[in-house]
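Here is a note for a colleague opening this model for the first time. Please keep the structure in view while reading the points.

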Amino acid sequence: MAYLFLLGAITAEVIGTSLLKATDGFTRLWPTLGLAVAYLSAFGLLSLAVKDIPVGVAYAIWSGLGTAAIMAIGAAFLGEPLSVAKVVGAGLVIAGVVVLNLGGAH
């Protein structure tokens, strides 16, 4: 169940981060409220996840998957360029998460 909470936290954080540009510096009400709800949900779910998952592992998974997801969303929907360096960097972050999990960090 803890990993489902973590997946929900990552999803909520990605939604919030995706809304960040739309807030226009927190001057647009609805995107700003959406971002706030998403981030509050993300941290609430993360707090539930770390009851059973070590904080370091949970944060590594959170940051790795979140980074990769935001990079993909930025390229697909926000017009951000996708370079080989970005893809390699995201791959290295994800590889680090895998190593942490396989290396007995639990």
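1. Start with H1 and H2. Their axes lie 7 Å apart and the packing angle is about 160°. The two helices are therefore roughly antiparallel to each other (angles under 35 degrees count as roughly parallel, over 145 as roughly antiparallel, 65 to 115 as roughly perpendicular and the rest as oblique). Axes here are lines fitted to C-alpha atoms, for helices over the stretch in contact, and angles run from 0 to 180 degrees between N-to-C directions. Helices are DSSP runs (H or I, at least four residues), as are strands (E, at least two), numbered from the N terminus.

2. H1 passes H2 in a left-handed crossing. A crossing is left-handed if the near helix is turned anticlockwise from the far one by less than a right angle, and right-handed if clockwise. By class, the contact of H1 with H2 divides into 16 nonpolar, five polar and one charged residues. The classes are these: Ala, Val, Leu, Ile, Met, Phe, Trp, Tyr, Cys and Pro count as nonpolar, Asp, Glu, Lys and Arg as charged, and the others, Gly among them, as polar. From H1, the residues taking part include Phe5, Leu6, Ala9, Glu13 and Leu19. From H2, they include Pro31, Leu35, Tyr39, Leu45 and Ala49. Contact means heavy atoms within 4.5 Å.

3. A word on the source. This is a predicted model, in which local features need pLDDT of at least 70, side-chain atom pairs count only at pLDDT 80 or more, and totals for chains, interfaces and linings use all residues. Residues are numbered from 1 along each chain as its sequence is written, and side-chain values use heavy atoms, with hydrogens and water left out.

4. Now the whole chain. There are four helices and zero strands. From the N terminus on, the elements run α-α-α-α. The C-alpha atoms fill a box of roughly 45 × 35 × 15 Å, taken along the principal axes. Of the 106 residues, 26% count as buried (buried means under 20% relative accessible area, exposed over 50%, partly exposed in between, with a 1.4 Å probe and protein chains only). Among contacts with a separation of 6 or more, 65% join residues 24 or more positions apart.

5. Look next at the loop between H1 and H2. Threonine 23 sits there. Is threonine 23 buried or exposed? Threonine 23 counts as buried, at 1% relative accessibility. Leaving aside neighbours within four places in sequence, threonine 23 is in contact with Arg28, Pro31, Thr32 and Leu35.

6. Phenylalanine 26 is also placed in the loop between H1 and H2. Phenylalanine 26 is exposed, with a relative accessible area of 51%. Not counting residues up to four places away in sequence, phenylalanine 26 touches Leu20, Thr32 and Leu35. Its C-alpha is 18 Å from that of alanine 12, 14 residues away in sequence.

7. Leucine 33 belongs to helix H2 (residues 29-49). Leucine 33 is partly exposed, at 40% relative accessible area. Leucine 33 and leucine 19 are 14 residues apart in sequence, and their C-alpha atoms are 9.6 Å apart.

8. Helix H1 (residues 2-19) also packs against H3. The angle is about 40° and the axes are 9 Å apart. That makes H1 oblique to H3. H1 passes H3 in a right-handed crossing. This contact has 12 nonpolar, three polar and one charged residues. Among them are Tyr3, Ile10 and Val14 in H1, and Trp62, Leu65 and Ile73 in H3.

9. Which way does H3 run against H4? The axes of H3 (residues 55-77) and H4 (residues 84-102) come within 9 Å and cross at roughly 155°. That makes H3 roughly antiparallel to H4. H3 passes H4 in a left-handed crossing. The contact of H3 with H4 has 11 nonpolar, two polar and one charged residues.

10. Last, the record. In an unreviewed entry, the UniProt annotation "transmembrane region" covers residues 30-50, 57-78 and 84-103. UniProt positions are given in the numbering used here, feature names are shortened, and annotations may be inferred rather than shown by experiment. In the model, residues 57-78 are 95% helix and 0% strand, with end C-alpha atoms 30 Å apart. Residues 84-103 are 95% helix and 0% strand, with end C-alpha atoms 28 Å apart.
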